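Please look at the structure before reading on.

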Protein chains: 2
Amino acid sequence: MKTAILGTGTVGRTIAARLIELGHTVTIGTRNPETTLARTESDAMGTAPFAAWAAENPGTTLAGFADAAAGAELIINAINGSASLDVLAQAGAGNLEGKIILDIANPLDFSNGMPPTLFVKDTDSLGEQIHRAYPQARVVKSLNTLNAGLMAYPDRLGDPGTVFVSGNDAEAKDTVTGLLKEFGHRDVIDLGDITTARGTEILLPVWLRLWGALGTPEFNFKIVR
Amino acid sequence: MKTAILGTGTVGRTIAARLIELGHTVTIGTRNPETTLARTESDAMGTAPFAAWAAENPGTTLAGFADAAAGAELIINAINGSASLDVLAQAGAGNLEGKIILDIANPLDFSNGMPPTLFVKDTDSLGEQIHRAYPQARVVKSLNTLNAGLMAYPDRLGDPGTVFVSGNDAEAKDTVTGLLKEFGHRDVIDLGDITTARGTEILLPVWLRLWGALGTPEFNFKIVR
């Protein structure tokens with residue numbers, strides 16, 4: 001499948017590498033490819049410069065947000081939540097029309113310190129905001145309930161647990177579910193329409209506290225039933 | 001252990017029956033015992049009148065909130081979230097001092113229709129509100145992430161999943177954890193201090209949507225790691 005990933009951070013890179021492994025075409029979207037490639041230092045979080053990562057992970061193409069989206073059937077929003085709508089605007093409504101937008105971002109607000117709070121809570125969601133902004137796109141919310149490594153390589157856990165899909169387009173959810181199974185996810189629950197993204201986005205507050213209690217982000221929610 | 005359960009609804013009754021089964025002493029607290037016992041009709045939710053339930057489930061004592069709390073070592077808040085602080089005030093600060101308050105309620109707000117929203121979200125929690133109101137009590141938040149049946153009889157699921165404890169008093173959390181294990185819970189995660197109740201209370205929005213998607217409330221979260 002022709003995919004675009006919006007965002008060059010750890011999440012975007014991890015998903016990109018996995019998609020390449022699985023034989024998909026990946027274009028990574030960034031604000032300004034030249035600027036992104038010119039960076040030679042790790043960022044404040046210790047993330048290596050993109051060019052160094054790309055040299056070790058061949059197969060992806062870097063492009064501006066609009067060019068990346070234009071050529072893709074499925075567009076993955078791997079930008080942080082607070083920048084997501086701005087980046088999708090740069091990608092351009094015309095380039096998003098009819099496309100599946102797989103939104104894996106979380107509406108995290110770091111302005112009040114740690115742990116972050118959510119800038120939309122149980123009365124709206126980032127997934128719905130994207131859906132309302134791009135009604136001609138087919139938005140599916142998923143994967144925002146695990147860390148990047150487990151999104152892409154769920155088998156790192158003996159039992160990978162459960163992932164969720166939310167969205168109004170059944171065919172788009174089927175396509176995403178297929179991709180999730182390629183990644184190694186076994187239990188995918190279709191929660192319903194895009195408003196159910198309110199449920200999964202709001203898992204973050206407990207996810208963050210579990211990370212604290214367990215001392216590792218290598219865990220997942222499983223729905224036992 | 002001498003326990004008091006504040007609340008005569010389905011949750012309170014289910015926990016009460018389980019505690020009696022396990023050999024504990026149970027006083028159920030209500031606003032006005034005479035009024036509660038005088039009811040002969042099921043309520044709007046179809047819940048049988050208390051007296052009918054008590055006749056079939058012998059062993060508990062019914063008392064006013066203050067009398068119930070006065071004689072207990074562990075007090076279980078099984079009142080709905082929006083009434084919890086009012087009911088604890090009726091129980092009386094003096095009767096709560098030094099006691100373990102096991103808060104299993106959720107801060108549900110039904111005023112905007114269904115599904116309910118939360119009246120505190122990720123910047124505060126009902127558990128913390130109770131803790132602040134009764135600093136001399138030992139508040140432990142737990143069990144608010146499952147339905148009443150699975151709180152008390154987790155083995156109804158082949159894999160009971162995970163339950164969580166939050167609170168500032170390590171000994172109180174140990175006591176509650178022991179009780180949870182008597183109920184049949186196997187995996188109890190201590191999330192940390194009472195502020196971590198923000199994490200588990202906020203599970204409700206996804207719990208409600210899972211109920212919708214799965215068509216049954218007989219499920220639980222398990223943290224695979």
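H5(A) passes H7(A) in a right-handed crossing, where right-handed means that the near helix is turned clockwise from the far one by less than a right angle and left-handed means anticlockwise. The model is predicted: local features need pLDDT of at least 70 and side-chain atom pairs count only at pLDDT 80 or more, while totals for chains, interfaces and linings use all residues. Residues are numbered from 1 along each chain as its sequence is written, with chains lettered from A and ligands numbered from 1 in the order in which they are written.

**Helix pair in chain A**
- The axes (lines fitted to C-alpha atoms over the stretch in contact, with angles from 0 to 180 degrees between N-to-C directions) of H5(A), residues 84-91, and H7(A), residues 126-133, come within 11 Å and cross at roughly 25°.
- H5(A) is therefore roughly parallel to H7(A), a term for angles under 35 degrees.
- Ser84(A), Leu85(A) and Leu88(A) of H5(A) meet Leu126(A), Gln129(A), Ile130(A) and Ala133(A) of H7(A); contact means C-beta atoms, placed from the backbone, within 7 Å.

**Contact between chains A and B**
- Chain A and chain B each give 33 residues to the contact.
- On the side of chain A that touches chain B, H11(A) gives the most, with seven residues.
- Five bridges join S11(A) to S11(B), residues 220-224, and the two strands run antiparallel; strands pair if DSSP finds at least two bridges between them.
- Asn220(A) has Val224(B) as its bridge partner in S11(B).
- Helices (H or I, at least four residues) and strands (E, at least two) are DSSP runs, numbered from the N terminus.

Notes
Two residues are in contact if their C-beta atoms, placed from the backbone, lie within 7 Å. Angles under 35 degrees count as roughly parallel, over 145 as roughly antiparallel, 65 to 115 as roughly perpendicular and the rest as oblique.
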